[in-house]
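Hello,

Here is the structure I promised to pass on. Please look it over with the notes below.

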Amino acid sequence: MKIFSNTKKQSNFSQAQMSQADEQIREQLKELLDIIPFQDSRLLLRALTYRSYMFENPNKTQGDNEQLEFLGDSVLQFLAGDYVYEKYFGEQEGQLTQKREKIVSNEALAILAQDFNLGKWIKLGKGEELTGGRTNPTLLSNTLEAVIGAYYKDSGIDAVWEWLKPMLEQLETIKIEPNCSQVLSDAKNTFQHWAITNHQQNPEYLVIEESGDDHNKVFTVAVKVKGKVYAQGKATKKRDAEKQAATLALKKLGLI
């Protein structure tokens, strides 16, 4: 069963049109293709394309990267698990899990994505551009996962492993500041723990503003504890705006 199905419009493309499109994409993404040797450059372009851009440019895309991100996360978890199993054979399951989670953490992946300037190539909607999407750590790590998923579909698991193994070694050596990884990946839980410990109450997240078109909204979310607003976050997804608000609240409290 194929994971990705072509739309009717895509299925009507002739072989010549598909070949021409591939050549155009290869010219646009030449620098990135030198780093990741895709056979089908259209898969790479899809991995770089966010839903907001697809809605704004329906005639320039062949789909967004959300399914590829899901697939890439699974491939990365598997390969990182195999890597730490082989390298640290004999260690306890909990220790292996910690080592794998460090390798696949959002911050580690974002740093790796920055190393080869992945943000330069991402296709974003106007709202995400305005909110600094190209340098957003979560967005960068998600994009890298989508690229991994696309490369798996393009060339198979062996090719992904050959390309990814040196990066796993690099990810393992990345030094993350204390609490930083936890805050980036789980800021809401961290702030919730602080709120319950200090005020015996869960934080409340409120959408205080929505802007932009229906397919490309930007949400502003405030986080409150006992009626006091601690911070506001802004993003194209409510959950990301909530996470940003929690992160900013923790920074204001001096916890990160």
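R51 is partly exposed, since its relative accessibility is 38%. Keep in mind that this is a predicted model. The side chain of R51 meets that of E66 in a salt bridge, 3.2 Å from N to O. The bridge joins distant parts of the chain: R51 sits in helix α5 and E66 in helix α6, 15 residues apart. E66 has a relative accessibility of 32%, so E66 is partly exposed too. D64 also takes part: R51, D64 and E66 are linked in a network of salt bridges.

The total for the structure is eight salt bridges. Here are two others.

- D34 and K30 form one with an N to O distance of 3.7 Å. Both residues lie in helix α3, four residues apart, or about one turn of the helix. D34 has 57% relative accessibility, so D34 counts as exposed. K30 has 49%, and therefore counts as partly exposed.
- D40 pairs with R42, and their closest N and O atoms are 3.0 Å apart. D40 is partly exposed at 22% relative accessibility. R42 is partly exposed at 21%.

One more contact by position: Q62 and R46 are 16 residues apart along the chain, and their C-alpha atoms are separated by 6.7 Å. Q62 is in the loop between α5 (51-56) and α6. Its relative accessible area is 29%, so Q62 is partly exposed.

Now the record. UniProt, in an unreviewed entry, lists E69, N142 and E145 under "binding site". These residues span 77 residues in sequence, yet no two of their C-alpha atoms are more than 6.2 Å apart, so they gather at one spot. E69 is placed in helix α6. That annotation may be inferred rather than shown by experiment.

Next, the aromatics. How many aromatic pairs does a search of the whole structure find? The search finds six. One of them is F38 with Y151, a tilted pair with 5.1 Å from centre to centre and 45° between the planes. F38 lies in the loop between α3 (30-35) and α4 (41-47), while Y151 lies in helix α10 (residues 137-155), so the pair ties together parts that are 113 residues apart in sequence. Are these two residues buried or exposed? Both F38 and Y151 are buried.

A second pair is F191 with Y230. Their ring centres are 5.8 Å apart and their planes are at 65°, so this pair is edge-to-face. The pair links distant parts of the chain: F191 belongs to helix α12 (residues 180-199) and Y230 to strand β3 (residues 228-235), 39 residues apart. F191 has a relative accessible area of 0%, so F191 is buried. Y230 is buried as well, with a relative accessible area of 12%.

Two lysines sit over tyrosine rings:

- The charged end of K99 is over the ring of Y88, 4.3 Å from the ring centre.
- K188 lies over the face of Y205, with 4.8 Å to the ring centre.

Last, the surface. Which residues make the nonpolar surface patch of about 270 Å²? The patch is made by F78, Y152 and I157. F78 lies in helix α6 (residues 66-87). Its relative accessible area is 52%, so F78 is exposed.

If you open only a few views, I would take these. Start with helix α6, where E66, E69 and F78 all lie. Finish with F191 and Y230, the edge-to-face pair.

Best wishes

Definitions and conventions:
Residues are numbered from 1 along each chain as its sequence is written. This is a predicted model: local features need pLDDT of at least 70, side-chain atom pairs count only at pLDDT 80 or more; totals for chains, interfaces and linings use all residues. Side-chain values use heavy atoms; hydrogens and water are left out. Rings of Phe, Tyr and Trp (its six-membered ring) pair if their centres lie within 6.5 Å; planes under 30 degrees apart count as stacked, over 60 as edge-to-face and the rest as tilted. Helices (H or I, at least four residues) and strands (E, at least two) are DSSP runs, numbered from the N terminus. Buried means under 20% relative accessible area, exposed over 50%, partly exposed in between (1.4 Å probe, protein chains only). A charge sits over a ring if NZ of Lys or CZ of Arg is within 6 Å of the ring centre and within 35 degrees of the ring normal. Patches are made of residues with over 30% relative accessible area and no salt bridge: like charges are joined within 9 Å, nonpolar side chains (Val, Leu, Ile, Met, Phe, Trp, Tyr) within 5 Å. Accessible areas come from the Shrake-Rupley method with a 1.4 Å probe; for residues, only the protein chains shown count as cover. A salt bridge is a side-chain nitrogen of Lys or Arg within 4 Å of a carboxyl oxygen of Asp or Glu.
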